Amino acid sequence: MAKGTTFNHERIARSDPASGRPILQLTSFPTISYGLFYGANAFVRARRSLVFFSQRRPERGAPFDLFRVDVDGANLTQMTDCDGYTGIAIAWDGSAVWFSRHGHLWRLDPETLEEQQACLLEGADPAAGGFAAISHDGRYYFAQTQSPSGEPVLLRCATDGSGTRAIARGPEVRLHWPSTDASRALICLIRKQGSRWLIFSADYDGANEQLIGENIFAHSTWLHSTGRVQGCALPPERAILTQGPREPQPTALCRGPYFWHSASSRDGQWIVADTNWPNEGLQLVHVPSGRFGLLCHPGNSAGHPQWTHPHPFFTPDASAVVYQSDA
């Protein structure tokens, strides 16, 4: 079995014993499967299919490929069959999957699974991995990687192949989140200043910086469509915080369990967060009121590997939440 293979569905219908809400388990084969970054888009094919990582073989150290599955659990399909790819970023309209491999930018068609080499990632070490993001309009691919000399570098690559440029060099500036709002052509970065890390936004040229505040979050992303940041406070605080440009301090949206990882709906009206220490389940937060309540218990072990963390996020229409569990 390899790229392009569509497998029999693995879906299992469940319900949460505490909340009674329906849960659809999408994968059940004994390999590790986990989602993409919860602050970015993970949906293709008119937003009806979820893209995720899954191991190629059921053994320790097996490589991971990209898979897609419809939100109803049908059409489980292997999308790749190659090693050495990194920096996955999916266009916000779901029209393309972008990744880097051997120092080049590649485009994967989510329908045909055809791979096309877009351009050279000039200034990147071909063997280096990295975190990546796609601009909301799909024009630029941003890669946090390193140069052949080992220097950290933030690259902006035009997806039409017209060129790559470095917009930041050195360890002091890092790509933090992808751009999520069509009305704001921004990326979010963090910069080290002394012993502190500061969150700021910049335009696609890396210019017109605007300070948001100190990075006092355990994990955070954009609060979609608002120009604000949302995230979980560092322990021992037990709150979800929001902050906008020129605000001297963040605002506590709600307090209660230890919120761990959080993501917002695309309209900025809802936040979903997992919890830990102790695990009190996924919490659904109404942004305008700050009210929150239990969505379901993920049953995850919350161990060291990232795939034991739920990392929840919304479907594009906010009708459901996707999360991962090693239960």
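A strand here is a DSSP run of E, at least two residues long, numbered from the N terminus. With that settled, I looked up Q144. I found Q144 in strand β14, which covers residues 140-146. I am working from a predicted model.

**Entry: Q144**

Is Q144 buried or exposed? The cut-off for buried is under 20% relative accessible area. Q144 has 14%, so I noted Q144 as buried.

Next I listed what Q144 touches, leaving out residues up to four places away in sequence. Among its contacts are G129, G130 and F131. V153 and L154 are on the list too. V173, R174 and L175 complete my list for Q144.

I also checked a distance. The C-alpha atoms of Q144 and G87 are separated by 8.5 Å. Along the chain, Q144 and G87 are 57 residues apart.

**Entry: the whole chain**

How many helices and strands does the protein chain have? I counted zero helices and 30 strands.

I then looked at overall dimensions. The C-alpha atoms fill a box of roughly 55 × 55 × 35 Å along the principal axes. The radius of gyration is 19 Å. A compact globule of 327 residues would come near 20 Å, so the chain agrees with that rule.

Burial came next. Buried residues make up 50% of the 327 residues. The chain exposes about 14600 Å², and carbon and sulfur atoms supply 50% of that area.

I looked at contacts between residues at least 6 apart in sequence. Of these, 42% join residues at least 24 apart.

**Entry: the largest pocket**

Rolling a probe the size of a water molecule over the atoms shows where empty space is left. I turned to the pockets.

The largest pocket has a volume of about 1300 Å³. I found 47 residues in its lining. Which residues lie nearest its centre? They are I23, L24, Q25, L26 and Y323. Elements giving two or more residues to this lining include β3 (22-25), β6 (49-55) and β28 (292-296). The largest share, four residues, comes from β3. By class, I noted 29 nonpolar, 13 polar and five charged residues in the lining of the largest pocket.

**Entry: the second largest pocket**

About 580 Å³ of space lies in the second largest pocket. Its lining has 28 residues, with F37, Y38, F131, A132 and H176 nearest the centre. F131 was already in my notes, as a contact of Q144. Strands β9 (85-90), β13 (131-134), β17 (173-177) and β21 (217-223) each give two or more residues to this lining. Strand β9 gives the most, with six. I found 20 nonpolar and eight polar residues in the lining of the second largest pocket, and no charged ones.

**Entry: the cavities**

How many cavities of 30 Å³ or more does a search of the whole structure find? The search finds two.

The largest cavity holds about 110 Å³ of space. It is lined by 15 residues, and A40, H224, S264, R266 and F314 are the closest to its centre. Strands β25 (259-264) and β29 each give two or more residues to this lining. I sorted the lining of the largest cavity into eight nonpolar, six polar and one charged.

The second largest cavity holds about 90 Å³. Its lining includes S179, T180, D181, R184 and W222. H224 lines the second largest cavity too. The classes for this lining are three nonpolar, six polar and two charged.

Notes. Residues numbered from 1 in each chain as written. Predicted model: local features only at pLDDT ≥ 70, side-chain atom pairs only at ≥ 80, totals over all residues. Heavy atoms only, no water. 1 Å grid on protein atoms, 1.4 Å probe; cavity = no way out; pocket = protein on both sides within 12 Å on 5 of 7 lines; lining within 4 Å. Points joined across faces, edges and corners; volume = space filled by probe spheres on them. Nonpolar A, V, L, I, M, F, W, Y, C, P; charged D, E, K, R; others polar. Rg over C-alpha atoms; globule rule 2.2 N^0.38 Å. Buried < 20%, exposed > 50% of the residue type's maximum accessible area, 1.4 Å probe, protein only. Contact = heavy atoms within 4.5 Å. Areas by Shrake-Rupley, 256 points an atom, 1.4 Å probe, with all protein chains shown as cover.
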